[in-house]
Amino acid sequence: MKALIALFPLLLALPVHADWQLDPAQSQVQASITQLNGEAPKTHHHQVRDLQGDISSDGTLRLPLKLSQTDVLERFGELPPWIGLLANTTLVTLVAQMPPERLDNLDIGESLVETLEFRVQSDMINQQESVPLRFTREGLNEIRVTHAEPMAMDGRALMANSTVRTVLSMLGYEEIDEHVPVTLNALLVNR
């Protein structure tokens, strides 16, 4: 019995890891694509909203992406019902490692920059990308995630991917600038 009582303070001293999840209502990515075909270059802004994902206790961050999270379908107007089934299918899942204790240890108002190595999980894409992110604790159970330095995708690589090229072609993009700036603004919450 004395041994159990002696263990109690040790259990209280162990760090508790938060169950960090993205708040879909406050998590989105915006990309600015400059269309080169036409009389003059024209920049269009596109969003991927309602980002959903979490960081597991082993530090695995999973971020599934669906076509329905983009503003692409809105640009086509009324679509057949079967498109809705495809739109809600996960196209790719971004996976990275982020030790949750790093987030748990942040004080309110404190930031940390962490470069995450994202892997794209998909049948057709095998890609890895290092992304420097800034994590800022805004409240007891809230951490804001933004990019730590300007981010951009390679327009040539986007057009080289047949699936992406098909979607961009449907939107009227025949040729795009090689520099596609990206802005991330997401909120992790401890649930």
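Guide: Buried means under 20% relative accessible area, exposed means over 50%, and partly exposed is in between, with a 1.4 Å probe and protein chains only. This is a predicted model, in which local features need pLDDT of at least 70 and side-chain atom pairs count only at pLDDT 80 or more, while totals for chains, interfaces and linings use all residues. Residues are numbered from 1 along each chain as its sequence is written, and side-chain values use heavy atoms, with hydrogens and water left out.

Visitor: Why is arginine 102 called partly exposed?

Guide: Its relative accessibility is 38%.

Visitor: What makes glutamate 114 and arginine 102 a salt bridge?

Guide: A salt bridge needs a side-chain nitrogen of Lys or Arg within 4 Å of a carboxyl oxygen of Asp or Glu. Here the N to O distance is 2.7 Å, so the pair of glutamate 114 and arginine 102 qualifies. Glutamate 114 lies in strand β7 (residues 111-121) and arginine 102 in helix α3 (residues 100-104), so the bridge ties together parts that are 12 residues apart in sequence. Helices (H or I, at least four residues) and strands (E, at least two) are DSSP runs, numbered from the N terminus. Glutamate 114 is buried, at 15%. By the salt-bridge rule the count comes to 4.

Visitor: Why is arginine 156 called exposed, and what does it pair with?

Guide: At 53%, arginine 156 passes the cut-off for exposed, so it takes that label. Its side chain meets that of glutamate 178 in a salt bridge of 3.5 Å, N to O. Arginine 156 lies in helix α4 (residues 155-160) and glutamate 178 in the loop between α5 (162-170) and β11 (179-190), so parts 22 residues apart in sequence are tied together. Glutamate 178 is partly exposed at 47%. Asp154, Arg156 and Glu178 are linked in a network of salt bridges.

Visitor: What makes the approach of glutamine 35 to glycine 172 a polar contact?

Guide: A polar contact is a pair of N or O atoms within 3.5 Å; within protein, one must be able to donate a hydrogen and the other to accept it, and residues adjacent in sequence count only if both atoms are side-chain atoms. The backbone oxygen of glycine 172 lies 3.0 Å from a polar atom of the glutamine 35 side chain, so the distance meets the cut-off. Glutamine 35 is in strand β2 (residues 28-35) and is buried, at 15%.

Visitor: What makes the phi of aspartate 50 worth a remark?

Guide: Most residues other than glycine have a negative phi. Aspartate 50 is not a glycine, yet its phi is positive, about 55 degrees. Aspartate 50 sits in the loop between β3 (42-48) and β4 (54-55).
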